[in-house]
Amino acid sequence: MPDVTIAEELPRQPEILRLLEMSDAYAALLYPAESNHLVDVPTLEKPSVSFFVARFDGIVVGCRALVEAGDGSAEINRMFVDPQARGLKVGKRLLQTVERHGENCGLDIIRLETGIHQPEAIGLYRSAGYVERPPFGNYQPDPLSLFMEKALRTPADLDR
C-alpha cells in the first residue's frame with residue numbers, strides 16, 4: 001500500500017506549480033482578491049521559507065510553507081491538499097511536520113491567517129492547539145480572515 005511522504009522541496013516544479021494553481025483557483029472561488037493572502041512562488045523560494053510537499057505514491061498531493069519572520073516566529077502559508085487526496089490526513093501530517101521543523105529551528109510561535117469559509121482548515125488548526133489572535137505582521141483586520149497562533153515553546157521551556 002503506498003504511503004504519504006513529506007519532504008522539504010523546491011516549489012518550482014511542474015507538479016507543485018499545478019497544485020499552487022489549484023490552490024489559487026480554490027481561494028478565488030471563496031474570497032475576493034483583497035482577502036486572498038497567498039504568497040507567490042518567488043517568495044516561496046526565499047531562504048527564510050521552508051516549503052514542504054506531501055506525495056502519495058510519488059504524486060504531489062499537498063503542500064505547506066513556513067515563512068520565518070526573523071523574530072522567533074513564523075507564518076504558515078500556502079497550505080493546500082489536492083481534493084482527490086482528502087481523507088488521507090495529508091493536512092494534519094503537513095501541519096505536524098511544519099511544527100516539528102519550527103521546534104527544531106528554535107521558533108517560539110507559529111502564526112497563520114485562514115479564511116472563514118474553510119471550516120475544515122479551521123477545525124484542523126483548533127484541534128492542533130491554535131488559538132485566535134488579532135491580525136499580525138502586515139495583515140489588516142478583515143471580516144473574511146481568521147488569525148491564529150500556537151506557541152511551540154512555553155516560558156518554562158525558555159528557562160531550561
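Guide: Two residues are in contact when heavy atoms of theirs lie within 4.5 Å. The model discussed here is predicted.

Visitor: Which residues does Tyr125 touch, not counting those up to four places away in sequence?
Guide: Tyr125 is listed with those that have the most contacts inside the largest nonpolar core, a set of 24 residues. With sequence neighbours up to four places away set aside, Tyr125 touches Arg64, Ile76, Met79, Leu95, Leu112, Thr114, Tyr130 and Met148.

Visitor: Which elements give two or more residues to this core?
Guide: Nonpolar side chains in soluble globular proteins tend to be buried together. In the largest nonpolar core, Leu66, Ile76, Val90, Ile110, Tyr125 and Tyr130 have the most contacts. The elements that supply two or more residues to this core are E2, E3, E4, H3, E5, H4 and E7.

Visitor: How many residues does the second, separate core have?
Guide: Val41, Val49, Val60 and Cys63 are included in a second core.

Visitor: Which strands stand at the edges, each with a single partner strand?
Guide: The open sheet has seven strands in the order E1-E2-E3-E4-E5-E7-E6, with mixed pairing. A strand at an edge has a single partner, so one side of it is left without a neighbour in the sheet; the strands placed in this way are E1 (4-8) and E6 (131-132).

Visitor: Do E4 and E5 run parallel or antiparallel?
Guide: Strands of a sheet pair through backbone hydrogen bonds, in either sense. Ser73 has Ile109 in E5 as its bridge partner. Four bridges join E4 (residues 73-81) to E5 (residues 109-115), and the two strands run parallel.

Visitor: Which residue in E3 is the bridge partner of Phe56?
Guide: E2 and E3 are paired in the antiparallel sense over eight bridges. Their hairpin has two residues between the strands, and there Asp57 takes a positive phi near 55°. The bridge partner of Phe56 in E3 is Ile59.

Visitor: In the hairpin of E3 and E4, which residue takes a positive phi?
Guide: Six bridges pair E3 with E4 in the antiparallel sense, and Leu66 has Ile76 in E4 as its bridge partner. The hairpin of these strands has four residues between them, and the residue with a positive phi, near 90°, is Gly70.

Visitor: How many of the ten residues of E3 are buried?
Guide: A residue counts as buried when its relative accessible area is under 20%. Strand E3 is largely enclosed by the rest of the structure, because the number of its ten residues that are buried is eight.

Visitor: Which residue in E7 stands opposite Leu112?
Guide: Seven bridges join E5 to E7, and these strands run antiparallel. E7 is mostly covered, with six of its seven residues buried. Glu132 has Met148 in E7 as its bridge partner, and the residue in E7 opposite Leu112 is also Met148.

Visitor: What angle does the direction of helix H4 make with that of E5?
Guide: Helix H3 (residues 90-104) lies across E1, E2, E3, E4, E5 and E7, running at about 35° to E3. Helix H4 (residues 119-127) packs on the sheet and touches E3, E4, E5, E6 and E7; the angle between its direction and that of E5 is about 160°.

Visitor: Is Ser23 buried or exposed?
Guide: Ser23 lies in helix H1 (residues 14-30). Leaving aside neighbours within four places in sequence, Ser23 is in contact with Leu38, Arg78 and Phe80. The cut-off for a buried residue is under 20% relative accessible area. At 4% relative accessibility, Ser23 therefore counts as buried.

Visitor: Which element gives the most to the lining of the largest pocket?
Guide: The largest pocket is lined by 34 residues, and Met79, Phe80, Gln118, Ala121 and Tyr125 lie nearest its centre. H1, E4, H3, E5 and H4 each give two or more residues to this lining. The element that gives the most, with seven residues, is E4.

Visitor: How much space lies in the largest pocket?
Guide: Empty space can be found by rolling a probe the size of a water molecule over the atoms. The space in the largest pocket is about 810 Å³.

Visitor: How far apart in space are Asp108 and Met22, C-alpha to C-alpha?
Guide: Asp108 is in the loop between H3 and E5, and Asp108 is partly exposed, with a relative accessible area of 26%. Asp108 and Met22 are 86 residues apart in sequence, and their C-alpha separation in space is 31 Å.

Terms used: Residues are numbered from 1 along each chain as its sequence is written. This is a predicted model: local features need pLDDT of at least 70, side-chain atom pairs count only at pLDDT 80 or more; totals for chains, interfaces and linings use all residues. Side-chain values use heavy atoms; hydrogens and water are left out. Two strands pair if DSSP finds at least two bridges between them. Axes are lines fitted to C-alpha atoms, for helices over the stretch in contact, and angles run from 0 to 180 degrees between N-to-C directions. A nonpolar core is a set of buried Ala, Val, Leu, Ile, Met, Phe, Trp, Tyr and Cys residues joined through side-chain atoms within 4.5 Å. Buried means under 20% relative accessible area, exposed over 50%, partly exposed in between (1.4 Å probe, protein chains only). On a 1 Å grid over the protein atoms alone, a cavity is a set of points where a 1.4 Å probe fits but cannot get out, and a pocket is an open set with protein on both sides within 12 Å along at least five of seven lines; lining residues have an atom within 4 Å of a point. Grid points are joined across faces, edges and corners, and a volume is the space filled by probe spheres set on the points.
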